[in-house]
Amino acid sequence: MPTVHLLDYVAGNVRSLVNAINKVGYEVEWVKSPEDLKNVEKLILPGVGHFGHCLSQLSSGGYLEPIRQHIASGKPFMGICVGLQALFEGSDEDPDVPGLGVIPVRMQKFNSETKSVPHIGWNSAMNTRINSSGGQSFYGLNPSSKYYYVHSYAALYEPNVLEQDGWYVATAKYGEEEFIGAIARGNIFATQFHPEKSGQAGLRTIRAFLDGDRFQTLSTEDSAHQAEKSGLTRRIIACLDVRTNDDGDLVVTKGDQYDVREKSDADAGGQVRNLGKPVDMAKKYYEQGADEVTFLNITSFRNCPVADLPMLEILRRTSETVFVPLTIGGGIRDTVDTDGTQILALEVATMYFKSGADKVSIGSDAVTAAEEFYAAGGVLSGKTAIESISKAYGNQAVVVSVDPKRVYVNSPEDTKHSTIKTEYPNAAGQTFCWYQCTVKGGRETRDIDVCQLAKAVEAMGAGEILLNCIDKDGSNSGFDLELINHVKAAVTIPVIASSGAGRPQHFAEVFEKTTTDAALGAGMFHRGEYTVGEVKDYLNSRDFLVRRFEPDI
């Protein structure tokens, strides 16, 4: 098989990129030293996280000048995400660190006053040189396709400035801001989106770059999508709760208010509910069009060495066939290995990233961290798992999973916590409530409310909140819209609505009545009552913009 070289400076999940490259018929060789670049033909620079960290790592490793020489020689070069940003003059993310300066533009942070930041999700890559009568696209980009973005900083687009210097530019719009989604000139091709996480559309761009297929002619029909189908889609996430059953096998399960055992006449309860095998089900949801897949590990593997955790193998196998973002939750904390070795949460997260995860989800430990944050007067310690992981891999790599439950009160004065006036009073007729955070799978409550937690973890560097609801879990009655709006008003980072989805109408309702950034389903998918595709068909019929699954390339 032909080869391509990757330069990894600890860029997060590179396993998925390797799998994507293998999928389109190429082998990967790693650049291990600056001297290696002299003999490299095709070079890919992937990246996630912090602009300054990326450029500083490349500089300290002696790679900056060899990269410049590779580009100047005319040999193929591809940058992905921060690998694209490195080509620019610099970034407001770290103003003191210069970029490669290949493109005379600076990266700027998105306006968080009008929308959630980071920008996470599936968006367009619209070629600025294409009009409704057709034209040439570059490196397999298609106006009717969607691509997966995750970033806080972007190169804002100014019409014709770069085009007049010979660049081909594809843009996306996030709110009122239009930014560069992909750019190419000569031997250079770079994407702000992650092609390895963009399904078949992304695989198509990787193959086009590796094959040297720079330009393609688009039909008038494809070009028409430039106007009517552009913008950020509504994300639908499939969530798989994974644990061992009573026979010791890893299975996907689903609880009713977190009880995962089948109902039985015996007081002890029935067997662990077995809904399928994790890897097989993840692939099924990918093929149905799921925009992301989340694994929540709800089993503690106390006698298993960390390096041999079963979830690592599940991620490795899943990432071979599932080319959308993968999130893993459970066990992302400082721990002691079976041989007595102390292992930091950052090291655990790194193992998951190297196995195929794009994000890690932190639950109960985030509550403890928030309590300590407020006890310290709102001062960051710099030592929490959220802080250490987001500093190394970027805040988009850290999701905080929150498990709140309602506590009713007679009036806001009856509690120190942030309350709402609810349309759903309890049996006692109380119309005010606050949302109390819980730990240990909802089994223990804490004296901290959901907005306090959300604000604290945002300050620590979390990039997204997975907002569950114990009262709604397993109810199939729809999302807690009041809770979602309550939390969205408190933070600027994206929020994923979770718990309660039972039919497609619930997804339309949450997108109509809240500003949530994504919605998650579990039991309704696992039981086969509805598919991800059927949810998207319904949303499409209601004029919501969704990503459509593309057939295998």
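Modeller: Ala, Val, Leu, Ile, Met, Phe, Trp, Tyr, Cys and Pro count here as nonpolar, Asp, Glu, Lys and Arg as charged, and the others, Gly among them, as polar. On that basis the lining of the second largest pocket divides into 10 nonpolar, 12 polar and five charged residues. The model is predicted, so local features need pLDDT of at least 70 and side-chain atom pairs 80 or more, while totals for chains, interfaces and linings use all residues. Numbering runs from 1 along each chain, and side-chain values use heavy atoms, without hydrogens or water.

The pocket (an open set of points on a 1 Å grid, with protein on both sides within 12 Å along at least five of seven lines; lining atoms within 4 Å of a point) has a volume, the space filled by 1.4 Å probe spheres, of about 510 Å³. Of its 27 lining residues, Glu93, Ser152, Tyr153, Gly394 and Asn395 are the closest to the centre. At least two lining residues each come from α4 (82–85), β10 (147–151), α11 (385–393) and α12 (450–460), as DSSP runs (helices H or I, at least four residues; strands E, at least two). Domain 1 (3–225) and domain 2 (235–258 + 269–542), from an automatic or database assignment, both contribute to the lining, so the pocket lies between them.

Salt bridges (Lys or Arg side-chain nitrogen within 4 Å of an Asp or Glu carboxyl oxygen) number 26. In one of them, arginine 235 meets glutamate 292 at 2.6 Å, N to O. This pair links strand β16 (residues 235–244) with strand β18 (residues 292–297), the partners being 57 residues apart. Both arginine 235 and glutamate 292 are buried (under 20% relative accessible area with a 1.4 Å probe, protein chains only; exposed is over 50%, partly exposed in between).
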